[in-house]
Amino acid sequence: MFGRVKPLDAILATAEKKSLHRSLGPVQLTLLGVGAIIGTGIFVLTAAAAQKAGPGMMWSFIIAGAVCAVAALCYSELASMVPVSGSAYTYSYAVVGEVLAWMVGWALILEYAVAASAVSVGWSGYFMGLLKSLTGFELPAMLAAGPTWSLTGVDFSSGIINVPAVVVALAVTFLLMLGTKESATFNAVLVAIKVAALTMFVILALPVLNTEHFAPFAPNGWFGPAGTSGLGIVGAASSIFFAYVGFDAVSTAAEETKNPQRNVPIGLIGSLALCTVFYLLVAAGAIGAIGAQPTALGTQPGSAEFTAQCAALAAKGSQPLVCSQEALAHVLRSINYTRAGDLIGLAANLALPSVILMMLYGQTRIFFVMARDGLLPEKLATIHPKWKTPHIVTLITGIFVAIAAALLPVGQLADISNSGTLFAFLMVSVAVLILRVRDPHRHRPFRTPLVWVVAPIAIIGCVTLFFNLPTEAMLVLPIWGAIGLVFYFAYGYRKSHVGRGLVEVHEEDADAPSQPVPPIS
């Protein structure tokens with residue numbers, strides 16, 4: 001069972017026949033990374049990070065960015081060696097075997113599908129805020145948010161169902177089923193909109209910065225008050241990690257990069273460094289303008305207690321940053337830049353649906369590869385005769401994304417998504433070390449520098465961030481993994497192509513993409 005390793009030579013066989021033109025330099029790679037990274041997290045999670053860490057969330061951005069940087073260097077070595085679809089799942093299959101590869105692929109559902117739900121909820125907050133600002137209309141609270149979940153039960157006082165989140169998730173699913181694809185020009189426009197919106201925010205917010213708003217700097221400390229989980233500066237870093245995922249765009253471009261050994265690390269570290277500086281400026285502007293203190297120490301964002309505290313403050317006519325569903329727009333409106341706040345909301349409304357589409361597309365690609373390997377029913381990869389898209393798996397994925405978006409708050413969804421992402425990055429870091437020992441002479445277009453230092457740091461960083469997630473998010477991964485193992489032994493173990501002696505080369509399949517899976521942000 002653990003010996004079922006898909007031969008790396010078989011995976012590479014046709015990849016080596018492809019003549020990928022090496023044309024990307026360090027500047028293009030850096031800009032590619034910036035466009036992919038900046039997006040969901042900074043628009044959506046600033047309020048949740050403030051509730052966890054207060055002004056100390058500025059350190060959270062640095063910590064999360066550093067962990068992403070070392071994980072990205074490990075990711076790049078495998079991406080350059082195995083330039084095929086499947087991401088961390090394929091890498092794991094080639095190095096550590098079928099069972100762990102299945103677990104990685106199963107965990108990637110948390111990264112892609114749950115992340116799509118989180119973006120849908122984030123979009124909902126900005127949409128409702130913009131709608132209220134422009135028209136004065138707002139949905140009843142019960143239809144604008146989902147219930148609050150905890151280990152002790154479900155609280156419906158905050159809401160019943162997030163209708164706008166369901167609508168946008170299903171709308172994007174329908175468009176993806178019809179075959180909607182984003183052109184490079186359209187993507188470039190969306191990147192420009194995101195960057196311009198955040199630049200405007202920094203220009204308007206920093207001049208009114210009040211240093212008194214930075215005290216106390218770390219109200220919940222580094223790891224949160226005793227008896228809590230997922231709070232403090234490190235706890236916020238575990239959530240903020242969501243804001244950096246997307247560097248796949250740089251690492252998967254290693255095969256098309258001039259002098260990848262030099263330019264890939266420049267692109268990775270450069271884009272992560274630029275985004276970290278950008279995030280720090282945005283955070284400083286938000287904190288300095290209106291403050292970012294938690295509603296109460298030790299209170300989790302999205303909890304029933306937190307919802308009650310925000311409701312009590314709203315009744316008094318106060319809405320702090322941590323209670324806002326559209327944090328950046330709320331800051332600008334609070335300092336009398338109402339129209340600028342509306343523009344931020346408009347930018348989020350335009351840019352975030354494209355992120356949902358990318359994540360749903362990425363999820364269907366993972367399912368495709370797993371179905372081609374026989375680990376999932378191949379019926380899932382059925383192509384619609386007219387639309388020429390995998391309509392069945394897209395519809396199933398979209399329905400589950402909509403259900404999660406309807407019933408869970410954005411902070412909890414992001415933490416759940418991070419649990420799966422951290423596990424996948426951990427396995428990639430382990431795989432790099434194993435392959436260095438098992439096959440040291442294989443050609444590596446990009447080699448992770450100081451791999452015996454960088455990879456262990458990445459492993460330690462991923463483990464540390466995982467164990468600083470809220471307890472509920474930590475429990476999701478082993479429970480989800482156990483469910484996955486049931487599916488594997490019930491179906492995949494018997495149907496696996498490798499287990500039956502069949503070895504495929506992904507690029508020979510008719511549905512294999514001619515380009516890498518679009519990056520998520």
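**View 1. Overall surface and fold of the predicted protein chain.** The protein chain exposes about 19800 Å², of which carbon and sulfur atoms supply 70% (Shrake-Rupley method, 1.4 Å probe). This is a predicted model, in which local features need pLDDT of at least 70 and side-chain atom pairs count only at pLDDT 80 or more, whereas totals for chains, interfaces and linings use all residues. Residues are numbered from 1 along each chain as its sequence is written, and side-chain values use heavy atoms, with hydrogens and water left out. The chain holds 20 helices and two strands (DSSP runs, H or I of at least four residues and E of at least two, numbered from the N terminus), and buried residues make up 59% of its 521 residues (buried, under 20% relative accessible area; exposed, over 50%; partly exposed, in between; 1.4 Å probe, protein chains only).

**View 2. Helix α5, residues 57–81.** At 1.5 Å a residue, the 25 residues of α5 should span 36 Å, which agrees with the 36 Å between its end C-alpha atoms (expected span, 1.5 Å times one less than the number of residues). Because 21 of these 25 residues are buried, α5 is largely enclosed by the rest of the structure.

**View 3. Surroundings of Tyr-244.** Not counting residues up to four places away in sequence, Tyr-244 touches Ile-37, Phe-61, Ala-64, Gly-65, Cys-68, Leu-272, Thr-276 and Tyr-279 (contact, heavy atoms within 4.5 Å).

**View 4. Phe-156 and the loop that holds it.** Phe-156 lies in the loop between β2 (153–155) and α9, where this residue is partly exposed, with a relative accessible area of 46%.
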